[in-house]
Structures are given as structure tokens and as C-alpha cells.
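User: I would like to go through this model strand by strand. Could you start with the terms?

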Amino acid sequence: MGKAVLITGARAAAALDMAREFTTAGWDVHLADSVPVRMARWSSVPATHHLYPAPRQKGTAFQACIKRLVDVHRINLIVPTCEEVFHLAAPALAQSVGDRLFAPNAAMLARLHDKLQFAQAAAQWGLNSPESHAIDCAEDLERFAANSRDWVFKPRMSRFGEQALVAPHSRALDVVNPKGWMAQKCVRGEEVCVHAVAHSGEMVACSSYSSRWRLDGGASFAFEPLDDARHEQLREVANTLVELGVLHGQFGCDVIFDESGTPNLLECNPRATSGVHLLAGDGQLARSIGSGEPAPELPPENCYLGPAMVVFGLPQAIANGRLREWRETWEKGRDVLSRSDDRKPILGALIDAGSFALTGLKHGISTNAATTYDIEWNGEEFA
């Protein structure tokens with residue numbers, strides 16, 4: 001039997017791609033999540049599936065379950081894909097998990113996840129990041145009211161961009177809770193993403209992409225690789241982050257190329273992102289994550305989340321007169337969920353989406369918010 005990997009956050013499309021990668025590379029694959037996920041479970045990937053308690057609501061039970069899984073199944077490597085990464089890095093798990101966890105330590109995770117701390121770190125490391133300020137009281141917010149159109153306002157611990165106010169009218173600031181927010185100078189240009197895999201301060205894989213197909217909150221569901229010149233710029237940015245932050249694990253960054261062509265770092269997600277799909281193929285991503293083997297620079301192909309392209313993209317295309325563009329995206333790209341010998345994940349993904357929608361209705365939150373309801377971390381102290 002080969003080495004065993006535990007991929008957590010099986011709800012993510014990235015988890016399915018990584019399961020395929022580790023299987024190809026000869027690993028014994030275990031997939032786990034705190035909710036039943038049919039997308040991964042119905043896949044033909046030969047994996048063992050586990051269900052653990054909700055990390056956010058049942059932290060102690062979650063920690064006990066992870067310790068048991070690591071011990072019973074002799075797990076060599078834990079690869080988080082979603083925000084359960086913060087709970088896996090909790091001090092109470094440090095001794096049991098140790099260096100099996102493919103992620104930065106808790107302090108660095110917090111620094112990367114907190115949008116203000118990340119902007120400050122990026123500036124400290126000599127990278128371009130928009131001017132950013134903390135908003136922790138009404139007086140802090142009032143300072144920006146007169147020129148609110150020049151700023152972006154968002155919670156420091158947030159996701160999907162759902163609460164972000166981009167260049168709002170001053171009256172829109174009434175919805176801002178003046179604590180735990182930030183104001184960031186608004187930069188005009190093209191928003192793109194970069195994803196990197198790092199081993200103890202050395203970058204071993206990198207992808208970059210843009211997207212013309214997004215949900216209202218900003219999450220992309222189609223991914224187009226950047227041209228060589230811009231990819232190289234972002235590769236240098238990511239490499240600087242890895243080296244100066246001595247990063248270990250995966251992370252993705254949202255970036256804006258301004259009118260001068262300069263990349264500006266906006267925020268960081270210290271976990272798997274959609275950039276994983278551009279790195280997957282023939283087990284190379286698994287070898288980069290598992291043993292630090294540098295990934296060759298091969299031309300990535302366009303890809304997308306098939307169900308989202310149909311459920312969200314097609315209505316957008318019809319409403320905005322973009323049917324030809326939608327058809328070209330569909331025909332020229334590949335669906336990351338479906339393969340010729342593995343079609344069932346598409347159906348599973350649709351059912352999973354319905355389950356998250358029901359969770360959202362139950363708790364009075366959006367479907368996007370429901371996807372992280374049981375795993376998200378907003379700076380709370382761990383038990």
C-alpha cells in the first residue's frame with residue numbers, strides 16, 4: 001500500500017481534481033468533509049470517504065475525529081481545500097497532525113486570511129498593494145465618507161466578495177458595521193487570480209487565470225489562463241510571497257492589473273483555489289504537493305465548472321447577449337468535474353448545490369454563505 005493522503009473539504013471541485021491527481025500518483029486517497037457531498041462520493045475515483053463534525057460549531061469533536069482518522073488510517077499527508085484549514089491548524093491538533101498538514105502555521109494563516117494584515121504584509125515585502133486602513137469605529141468610517149467613491153469597503157475576514165462595497169455612495173456606508181472592516185483604495189483595471197504551491201519557502205507550482213464568467217458575489221466558474229507575459233509577472237509576485245513569507249502549502253491571490261499594467265495584490269486565500277484545475281494532470285500536482293517536485297511549465301487549457309456554466313452562465317449569456325461567447329467557452333474548454341469515464345460528479349454537484357441552498361434558507365443566508373457556514377473562520381480563538 002502506498003502513502004495515504006487525507007483531502008479535506010471534499011465539497012470543493014478542487015478536492016475532486018486533487019483526488020484524481022493523488023490516485024494517479026499512486027497514493028491511497030481519503031476524502032472527508034463535515035457535510036455529505038455527492039459530487040466526490042459519486043465519482044469513480046477509488047477513494048475512502050469520511051464524515052467529520054462541523055469544525056466551526058463542534059470544534060472539539062472535529063479535532064478528536066481528525067486525530068482518529070490520522071491514527072487509524074496512517075495518514076501521511078493532510079491537504080485542506082476549504083476554510084477547514086484554519087481549524088486543522090488549531091493548537092490542539094498541532095501535536096497529532098504535525099508536519100502532515102500541508103498548510104502554513106496558524107499565525108501565518110491568520111495573517112494571510114485577514115485582508116488588512118495581508119495588504120500590510122505585501123507592502124512590507126515590497127509588493128504593490130492598494131493603500132489600506134482599518135475601520136474599527138464610527139470615526140474611522142467617517143473619514144472616508146466625503147470621498148467614498150475612491151475606496152472599497154469590506155470586512156477583513158470575509159469571502160466571495162458578497163459584502164464588499166466598491167466605490168459606493170456615502171449613503172451606502174450606513175450598512176457598514178464599523179468594527180472589523182477595512183477601506184482599501186479602489187484600483188481600476190482587470191481582476192485576475194494567481195495560485196501557488198509552496199514547500200518550506202520554495203514555490204513548486206504556479207498558475208494564473210482570468211474569468212469572464214462569475215457569480216454576483218465575484219466567485220468565478222470559468223478559468224482562462226493568462227498570457228505568458230502577465231503570468232510571468234504574477235509568478236514573480238507569488239514567488240516573492242513564498243520566499244519572504246517562508247510559506248508552506250497552497251494559496252491563491254486576487255490581483256488587479258491597473259492601467260499601467262502593474263499587478264496590485266488585493267487579498268489572499270491560504271487554501272486551494274480554482275487555480276488547482278490549471279495545474280492538474282498526470283499526477284504532477286500530487287507530486288508537487290506530496291514531495292515538493294517542481295511542476296513543469298506546460299501550456300494550461302481553459303476550463304470551467306460545467307453545472308455552473310449551465311445554471312448560472314447560460315442565463316447570463318442570454319440576458320446579456322453573450323451566447324456566442326458562452327458557446328465558445330464551452331466548446332474550447334473542459335469541464336473540471338466530468339471526464340469520459342467519470343460523469344456522475346456533475347449530477348452530484350447539482351444535488352450538493354441544492355443542499356447548500358436549503359441550508360441557506362434554513363439559516364437566512366445566501367447559498368454562497370451556506371457553503372462555508374460550518375467551516376468558516378473569522379478570527380475566533382480556538383479551543
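Analyst: Two strands pair if DSSP finds at least two bridges between them. Helices (H or I, at least four residues) and strands (E, at least two) are DSSP runs, numbered from the N terminus. This is a predicted model, in which local features need pLDDT of at least 70, side-chain atom pairs count only at pLDDT 80 or more, and totals for chains, interfaces and linings use all residues. Residues are numbered from 1 along each chain as its sequence is written, and side-chain values use heavy atoms, with hydrogens and water left out.

User: How do β10 and strand β11 pair?

Analyst: They are antiparallel, with 2 bridges between β10 and β11 (residues 222–225). Ser210 has Glu224 of β11 as its bridge partner.

User: And which way do strand β9 and β10 run?

Analyst: Strand β9 (residues 189–199) runs antiparallel to β10, and 7 bridges join them. His199 is opposite Glu202 of β10. The two strands form a hairpin with 2 residues between them, and Ser200 in the turn has a positive phi of about 50°.

User: Why is strand β10 said to be largely enclosed?

Analyst: Of the 9 residues of β10 (residues 202–210), 8 are buried, so the strand is largely enclosed by the rest of the structure. Buried means under 20% relative accessible area, exposed over 50%, and partly exposed in between (1.4 Å probe, protein chains only).

User: On to rings. How many aromatic pairs are there?

Analyst: The count is 9 aromatic pairs. Rings of Phe, Tyr and Trp (its six-membered ring) pair if their centres lie within 6.5 Å; planes under 30 degrees apart are stacked, over 60 edge-to-face, and the rest tilted. The pair Tyr209 and Phe223 is edge-to-face, because the ring centres are 5.5 Å apart and the planes are at 80°. Tyr209 belongs to strand β10 and Phe223 to strand β11, so this pair ties together parts that are 14 residues apart in sequence. Both Tyr209 and Phe223 are buried.

User: What about Tyr304 and Trp330?

Analyst: That aromatic pair is stacked, at 5.0 Å centre to centre with 20° between the planes. Tyr304 is in strand β14 (residues 303–304) and Trp330 in helix α13 (residues 323–332), 26 residues apart.

User: Is Tyr304 buried or exposed?

Analyst: Tyr304 is buried, with a relative accessible area of 4%. Trp330, at 32% relative accessibility, counts as partly exposed.

User: Which residues form a cluster through ring pairs?

Analyst: Phe144, Trp151 and Phe153 are linked into a cluster by ring pairs.
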